[in-house]
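Please have the sequence and coordinates open while reading.

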Amino acid sequence: MKKRILILGPISDFGGREMMTNLLAHALKDNFQVKILSTIAMTKASAALINIDKNSWDTINYYLYRNNFILKLTALLTKTIFKREEPAYFFIKNKLVDKYFNFSALYYNTIHGHIKAADVIICSNEITGKWLEETLVISGKEDKPILIRITGKIKSIPDFILTLSKKNVQVLVHSKQNVDKLEPCLGLQVCHIDQTTPLETSLINLSIDENDVLTYGFLGRFSEEKGIKELLQAFAKNNKKLLLAGNGPLKKEVVEVSTKSKNIDYIGELVHSELYKLFNKIDVFIIPSFEEGGPLVGLEAMAAGKLIISTKVGAMPERLQQTGNDYWFSHDVPNSLQQAIEAVEELSSAQRLKIRDQVRKKYIEHNSFKSIQKKYLELVGELIKLE
């Protein structure tokens, strides 16, 4: 009988964590029985569930909704009264029942039950994320080996990480920055495996060629930490062609600037399977983030064979080593983004094409699905031995 793997964490409908959850499930499903459990509201449209069997995933909300008549009834009433579009199980925690139910206890017991039924736990969460400490405690009580897949940038290490029993615990990170941050955790087994993208086939099939005038691109969340304001300011001054795709709290500002600027175009929010449409229109991809764990979009740009200008965030420095793609900037250094753009513009077309080819080759050699799958299977195999 196949060993049972539980992938647990705050998995929503779209994002890097969701894409990696999906890839991880597909990487393991031929060798193991895989179950995905989200600790937050998630729908069947989640990117984590692409080509995942309906019996191989659940959310705590949906689990409680199915197994408690009162929660189900009040959730349906809440959805109807407030005319909400989301599934009814999103509303199990409402004013009608909040005073009568201890939801923390319900969530804890649900997590406990799923961990008890599994052989190996993979917890995908930020190091300060909700339910991580409880998941570690439960896994320890049940003597279940656990892999903590840390997402996002590690800024500080909680006391429970420093003091936890290292037995049956391994930590997985995607960048050397996070490996270095975990150095104070003596005795903690830390594994460094980078990400991959499910879009690699469509991205690798894009031709590597250029227009006479370079077009730059940004794809992601429009928010402060992504550096979108600084990016818009730079291109409002330099008049270079910039295409933007995405959504987020600063979307209004993006739309306003793109409406006023002849050189800046907002092409909308693309579903993940359509990201190649942006990459097919640009020559240079820009990552202006202040902080990242990966980012996944950086790998997608590599697979697409784009020249990349980036801040030194997450795993990007090691990803681009030995590719000739050495175009970095810092928000702490005035005009450094413009200087990086000028350095790229000064390259000959042949030089840019050579770098782009090396960037794609680096992805294929180190970050292809086949390469990452092999590493995950080896790592989970080591965890199985700890049972």
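What covers the buried residues of α3? In this predicted model, the cover includes α2 (60-67) and α4 (103-117).

The residues concerned are Leu71, Thr74, Ala75 and Thr78, the buried residues of α3. Viewed along the axis of α3, they fall within an arc of 105°, so they line one face of the helix. On the face turned away from that buried side, α3 carries the exposed residues Phe69 and Thr80.

Helix α3 covers residues 69-81. Its 13 residues, at 1.5 Å a residue, should span 18 Å, and this agrees with the 18 Å between its end C-alpha atoms. The N-terminal end of α3 is capped by Asn68, with a side-chain oxygen 3.1 Å from the backbone nitrogen of Ile70. Just after α3, Lys83 has a positive phi of about 50°.

The chain around this helix contains 16 helices and 12 strands. A compact globule of 387 residues would have a radius of gyration near 21 Å, and the 22 Å of the chain agrees with that. Along the principal axes, the C-alpha atoms fill a box of roughly 65 × 50 × 35 Å.

| Quantity | Value |
|---|---|
| Residues of the chain that count as buried | 53% of 387 residues |
| Contacts with a separation of 6 or more that join residues 24 or more positions apart | 66% of these contacts |
| Accessible surface belonging to carbon and sulfur atoms | 51% of about 18300 Å² |

Key: Residues are numbered from 1 along each chain as its sequence is written. This is a predicted model: local features need pLDDT of at least 70, side-chain atom pairs count only at pLDDT 80 or more; totals for chains, interfaces and linings use all residues. Side-chain values use heavy atoms; hydrogens and water are left out. Helices (H or I, at least four residues) and strands (E, at least two) are DSSP runs, numbered from the N terminus. The expected span of a helix is 1.5 Å times one less than its number of residues. Buried means under 20% relative accessible area, exposed over 50%, partly exposed in between (1.4 Å probe, protein chains only). The arc is that of the directions from the helix axis to the C-beta atoms. Contact means heavy atoms within 4.5 Å. A polar contact is a pair of N or O atoms within 3.5 Å; within protein, one must be able to donate a hydrogen and the other to accept it, and residues adjacent in sequence count only if both atoms are side-chain atoms. The radius of gyration is taken over C-alpha atoms; the globule rule is 2.2 Å times the number of residues to the power 0.38. Accessible areas come from the Shrake-Rupley method with a 1.4 Å probe; for residues, only the protein chains shown count as cover.
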